[in-house]
Amino acid sequence: MSTKHPTLVRVPSIVAGTLLSVVPLAASSHAIQLENQVADVRAYLESAPSNKRNRRRQRFLALANKWREDTKWLSSTNEIAMHPAYQAIIGMGQEAIPMIIEDLRKNSGHWYWALKAIAQEDPVHRSERGSINCMKQAWLRWAEQKGILNDVVG
Amino acid sequence: MSSADWLQQLGRFFPALNEQNCQTTSPVDERYNCIAWAADDTEKWWWPDPLEQQYWPQEVPRESSLLAFQLMFQHLGYSSQSDDSLEPNKPKVAIFVDPNQVPTHAARQLPNGNWTSKLGRQNDIEHELVAIEGPAYGKVAIILAKVSNQNAL
């Protein structure tokens, strides 16, 4: 689907609404032009949310890849978590959580600091600290209980 | 990946490593890190992170300082300051620090006098001690030896 930004997208929604209502009544070339513009507006409005999601996802993946590559030789959790790309992901806030959970499920990874920082929760039992597989399972269970894992899988 | 390719990849972080002073001894494994490996644990990631996500002995201060790392290894029986020589029945660990004296890494001496390290989430390697000094891990700050028949503190 084309996602180019039509000129009319910047007009107030009430104007766009008016255009939508007049198009079926018109038959002139001017009306056809309007109809095309309205179709562009409609297509853009319909695609905008998913575009935004895709942009967020692409940004997340770029940051995650950069973080993984730059920190793969490091043992210090402090250094790993303070990497600028990791901090940028934390800065994405709640919207990052489904993407982190998806990445954790597929690739594992040291996402626990970010998850705890964003979610302000910690499902990992004290006795499981540092046990990467147990921590992963604890966070995936948490995500399932919150309905996040279903969103990711769906 | 060939050994040469692998070493080339490492070159940016460990410029002193080469085929003569290093070899990989394990596959990639993200479950444990260098501190765990030095402590003979391949099941956990050890670090005194402030968000308390990783394992750290409760008896030791949870802080990223050289003293805390010394105390942690002392807790495991490495109580005597030493050097990098091979001494029979004296297992040794080396703690690396960055220019700010913040711990970055630990290595453990093998019975043949070489050292073994886990490189972050990557492989274990056998290496000469100073071959991993550089931008990633800084320098060796202290070497501790475990004295025979000594009980852990």
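**Strands, helix and contact**

Guide: Welcome to a predicted model. In chain B, strand E5 (residues 115–118) and strand E6 (residues 124–127) run antiparallel to one another, joined by four bridges.

Visitor: What makes E5(B) and E6(B) a pair?
Guide: Pairing takes at least two bridges. E5(B) and E6(B) have four, and in one of these B:Thr116 is the partner of B:Glu126 in E6(B). Five residues lie between the strands of this hairpin, where B:Gly120 has a positive phi near 55°.

Visitor: How do you know that E4(B) and E5(B) pair?
Guide: The cut-off is again at least two bridges, and these antiparallel strands have two bridges, so they pair. B:Gln109 sits opposite B:Trp115 in E5(B).

Visitor: Why are the buried residues of H7(A) said to line one face of the helix?
Guide: The buried residues are A:Ile132, A:Met135, A:Trp139 and A:Ala143. Viewed down the axis of H7(A), they fall within an arc of 75°, so they line one face. On the other side, A:Asn133, A:Arg141 and A:Gln145 are exposed.

Visitor: How do you know that the reach of helix H7 of chain A is close to the one expected?
Guide: H7(A) has 14 residues and spans 20 Å from first C-alpha to last, against an expected 20 Å at 1.5 Å a residue.

Visitor: How many residues of chain B are in contact with chain A?
Guide: 25 residues of chain B contact 17 residues of chain A. On chain B's side, ten are nonpolar, eight polar and seven charged.

Conventions:
Residues are numbered from 1 along each chain as its sequence is written. Chains are lettered from A and ligands numbered from 1 in the order in which they are written. This is a predicted model: local features need pLDDT of at least 70, side-chain atom pairs count only at pLDDT 80 or more; totals for chains, interfaces and linings use all residues. The expected span of a helix is 1.5 Å times one less than its number of residues. A residue is buried if 20 or more other C-beta atoms lie within 10 Å of its own, exposed if 12 or fewer, and partly exposed in between; C-beta atoms are placed from the backbone. The arc is that of the directions from the helix axis to the C-beta atoms. Two residues are in contact if their C-beta atoms, placed from the backbone, lie within 7 Å. Ala, Val, Leu, Ile, Met, Phe, Trp, Tyr, Cys and Pro count as nonpolar, Asp, Glu, Lys and Arg as charged, and the others, Gly among them, as polar.
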